[in-house]
Amino acid sequence: MKALIPAAGLGTRFLPATKAVPKEMLMVVDRPAIQYVVEEGLASGADEVVLINSRSKKVIEEHFAPNPALVEELRARGKAAYADEVERVGNLPVSYVYQDEALGLGHAVLQAAGKTGDEPFFVLLGDVLVPDNAMLPAMKAVSDAHGGASVIAVIPVPDEEVSRFGIIDGAEVSEGVWKVSGLVEKPALEDAPTHLAVFGRYLLSPRVMELLADVRPGVGGEIQLTDALEAVLAEEEMYALVVDPADGFDTGTVESWLATNNELCRRAGIC
């Protein structure tokens, strides 16, 4: 089972910093944001993390590549703990495919079709960090309980935020678990079927990847993952796991990135 992480975006909200440093490599407390997401994917039981990268972001690949010379130098200087960490990160099972055009999240995920084959797969959006690594295993448990169905994580959002997110429709079938009947992308409040917003973690059946190949570009000329999820609902069941907003951290804006740093620093007892 593979964990896919789209990482080819421009990081526009963080310019000019992201002109030289990919947004995914900005530090969150003691490591780059992307490292949290890679480690979460591996902690889920996935045997490999597939980063859907831009060819201009080689620094991400350098971060996860072995660097024996640096390790040797650190050990020679008596910095064994740093050497161990550099060595560990450089040996994580990470591979790469490339999104050469910015054609949407669905298009990014589709680039990894050769990696997932006929197996289910996780998709982890890099803007969301889940430091305790518990969300994906909980989603897998829901999928296993429902015959291998696709599962998406959702959070409750207030009225004023409904129009910013994809919102699910459906009915609760057990505590915190909904059977999904539809998805609405960024609805007006009066048109929203629920207040449950898609949170950036997905466990998807192989049929979703097959359907992505047939999704036509929508608004803005982009291929949306939501369109494939709506298509799969005509053929398969899909469930949503309601998660606590405090379990995940949004780093997609400068303000939320700063807030995430402050909170995780506090939790680590550093600040």
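Residues are numbered from 1 along each chain as its sequence is written, and side-chain values use heavy atoms, with hydrogens and water left out. Because the model is predicted, local features need pLDDT of at least 70 and side-chain atom pairs count only at pLDDT 80 or more, whereas totals for chains, interfaces and linings use all residues.

The structure holds one disulfide, a term used for a pair of cysteine sulfur atoms within 2.5 Å. The link joins Cys265 and Cys271, whose sulfur atoms lie 1.5 Å apart, and it is right-handed, with 75 degrees about the S-S bond. Cys265 is buried, with a relative accessible area of 8%, while Cys271 counts as exposed at 66% relative accessibility; here buried means under 20% relative accessible area, exposed over 50% and partly exposed in between, for a 1.4 Å probe and protein chains only.

Helices (H or I, at least four residues) and strands (E, at least two) are DSSP runs, numbered from the N terminus. In helix α9, residues 225-232, the buried residues are Leu225, Thr226, Ala228, Leu229 and Val232. Seen down the axis of α9, these buried residues fall within an arc of 160 degrees, so they line one face of the helix, the arc being that of the directions from the helix axis to the C-beta atoms. Among the elements that cover them are α5 (105-110), β8 (150-156), β10 (177-185) and β12 (238-242), where contact means heavy atoms within 4.5 Å.

Grid points are joined across faces, edges and corners, and a volume is the space filled by probe spheres set on the points. One cavity of 30 Å³ or more is found in the whole structure, and the largest cavity holds about 60 Å³. Its lining includes Phe14, Lys23, Glu24, Asp127 and Trp257.

The second largest pocket holds about 360 Å³. Of the 16 residues that line this pocket, Gln35, His63, Glu85, Val86 and Val89 are the closest to its centre. The largest share of the lining, six residues, comes from α4.

Conventions
1 Å grid on protein atoms, 1.4 Å probe; cavity = no way out; pocket = protein on both sides within 12 Å on 5 of 7 lines; lining within 4 Å.
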